[in-house]
Amino acid sequence: MSHWQPTISLKNLQARAHVLDRVRDFFSQRNVLEVETPLVCSHTVTEPNIKSFSIANMSSGRYLQTSPEYAMKRLLASGAPDIFQICKSFRDGEDGTHHNPEFTMIEWYRLGYTLEEIMGETVSLIVEILNTSDRKLSIGYVTYNELFEKILDLSFFDLTEEKIDQLCIDHRLQSQHSITKAQKIDFIFSHYIVPKLDVNAITCVYYYPAEQAALARLNALDHSVAERFEVFCGGLELANGYVELTDPGTQLARFEKDQLTRKENYLPDIEIDQYLLNAQKHGLPECAGVAVGFDRLLMLALEASSIEEVMSFSWKNA
Amino acid sequence: MASYSTNEFRSGLKIMIDGDPYTIVENEFVKPGKGQAFNRVKIRNLKTGRVVDRTFKSGDSVEGADVMEVDMQYLYSDGEQWHFMDQTSFEQHAADATAVGEASNWLKDQDICQVTLYNGAPLSVSAPNFVELKITQSDPGVKGDTAQGATKPATLETGATVKVPLFVEEGEVIKIDTRTGEYVSRVKEA
């Protein structure tokens with residue numbers, strides 16, 4: 001049994017409130033409207049690597065939201081202007097030094113933004129919170145493939161199955177047999193690439209390979225990459241964003257592919273969210289959106305060594 | 001033996017890897033937001049003491065190792081085997097020189113130490129952190145040698161040799177930290 005006391009210090013509790021205020025200021029100065037969307041919904045994401053908490057209901061099952069993305073896109077499809085939200089999100093099983101199954105996310109959408117614009121604004125927010133008079137982080141922009149070339153000295157697009165297996169073996173990945181190619185790529189990225197990112201820099205990684213597009217649109221000129229980006233501070237992943245996919249047909253095909261991957265990996269079936277698809281059929285305006293892990297941002301701002309130090313009560317004694 | 005899922009990983013858990021028993025020293029959860037989750041662990045081989053890194057796909061299961069740490073009383077050594085008795089079951093176990101290792105320097109009859117059993121047989125022995133042993137041989141300190149921190153060798157009743165301050169004499173009982181093998185203090189005999 002853990003202690004009843006909070007895992008956060010009084011100093012960090014006050015700092016958390018202060019940083020929340022600054023995030024709200026950031027958006028109000030830019031005329032972005034704060035919204036709230038439901039945390040308990042009838043549908044959830046089909047993404048194979050994200051596990052939702054399901055909750056029993058009198059009539060039917062519901063899910064705690066893993067991010068407010070779908071509901072916010074439904075607002076945009078109905079004519080909402082630029083919007084942001086600061087809310088709790090829930091992901092079952094994600095528990096560690098940098099993870100808590102219940103966490104706080106900052107998510108926002110900008111109408112008509114390009115990849116450069118949304119990346120730039122994300123970096124501005126992070127810099128606003130993290131840079132102080134005695135801490136100046138440098139900022140770098142690099143494509144997913146350039147990182148492979150820089151760190152592993154090979155192109156991501158030239159990776160053979162043999163090379164992938166060799167990299168996994170060299171870095172002591174157990175259980176090779178039960179693992180798919182996509183999972184091995186995740187292993188290589190998180191064990192070879194991420195640890196090599198400059199610890200004193202904010203690194204924007206963009207143009208993820210098309211297989212990892214998630215909800216981003218593909219680049220119009222080069223269909224092998226998606227207009228998806230992530231922001232790292234040192235090796236810590238802080239943000240994930242897209243120039244959003246708006247076409248409902250492509251969206252449906254991606255959801256169906258997720259469902260197939262779930263089946264292949266013996267994961268539970270997840271129904272496709274028709275509310276989102278119908279909103280896209282009605283018309284999702286061209287937009288870009290991004291999610292930032294608020295607790296991690298706070299960890300960096302307060303130089304905390306574990307996420308629990310910036311949360312009132314962490315998973316272990318919530 | 002039961003198997004453990006990665007979400008049960010914690011330091012101290014005993015698992016089998018490549019046919020050897022290991023204990024988990026450190027467990028780190030690693031997951032790209034949109035990607036596969038992994039458990040990156042540091043594990044110590046219980047036979048060799050070596051610490052290595054391994055990464056598991058989260059959700060995988062690993063066979064547990066039949067390893068137990070039991071407090072036992074040291075009885076005697078016949079030269080080849082060291083004999084111990086389980087304090088609760090009174091069962092006796094014999095450990096060879098490999099299992100006893102460094103601990104043989106500090107074991108005195110009746111002392112309680114921790115014996116790690118693997119598949120029911122002693123795999124390693126840890127002496128108590130502090131032991132009290134009698135000096136069986138040590139030359140007198142040279143008169144006039146008053147340099148601070150000067151030491152001389154002393155042979156203990158177990159046969160081990162430790163460095164002691166010059167004022168400590170043969171026949172005295174001293175306290176030793178077995179983790180460093182260093183002299184701590186003199187012990188006044190009751």
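What percentage of the 190 residues in chain B is buried? In this predicted model, the buried share of chain B comes to 27%. The rest of the picture for this chain starts with its make-up: one helix goes with 16 strands. As for overall shape, the C-alpha trace of chain B spans about 75 × 40 × 30 Å along its principal axes. The radius of gyration of chain B is 22 Å, whereas a compact globule of 190 residues would come out near 16 Å. Contacts within the chain were also sorted by how far apart the partners sit in sequence.

Next comes the place where the two chains meet. Here 24 residues of chain A are in contact with 17 residues of chain B. On the chain A side, two elements give two or more residues each, namely α6 (181–193) and β10 (236–243) of chain A. It is α6(A) that supplies the largest share of that side, with six residues. Sorted by class, the side of chain A that touches chain B holds 13 polar residues, six charged ones and five nonpolar ones.

Three of its strands form an open sheet in the order β2-β4-β3 (chain A), and the pairing is antiparallel. The edge positions go to β2 (40–41) and β3 (54–55) of chain A; each has a single partner strand, so one side of each has no neighbour in the sheet. Looking at one of these pairings in detail, β3(A) and β4 (residues 62–64) of chain A run antiparallel and are joined by two bridges. One residue pair can be picked out by name: S54(A) has Y63(A), in β4(A), as its bridge partner.

Finally, a look at a single loop residue. N265(A) belongs to the loop that connects α7 (248–264) with α8 (274–283) of chain A. Is this residue buried, exposed or partly exposed? N265(A) has 16 other C-beta atoms within 10 Å, so it counts as partly exposed; being buried would take 20 or more, and being exposed 12 or fewer. N265(A) can also be placed relative to a residue from elsewhere in the sequence. I179(A) is 86 residues away along the chain, yet the C-alpha atoms of N265(A) and I179(A) are separated by 9.1 Å.

Definitions and conventions. Residues are numbered from 1 along each chain as its sequence is written. Chains are lettered from A and ligands numbered from 1 in the order in which they are written. This is a predicted model: local features need pLDDT of at least 70, side-chain atom pairs count only at pLDDT 80 or more; totals for chains, interfaces and linings use all residues. Two strands pair if DSSP finds at least two bridges between them. Helices (H or I, at least four residues) and strands (E, at least two) are DSSP runs, numbered from the N terminus. Two residues are in contact if their C-beta atoms, placed from the backbone, lie within 7 Å. Ala, Val, Leu, Ile, Met, Phe, Trp, Tyr, Cys and Pro count as nonpolar, Asp, Glu, Lys and Arg as charged, and the others, Gly among them, as polar. The radius of gyration is taken over C-alpha atoms; the globule rule is 2.2 Å times the number of residues to the power 0.38.
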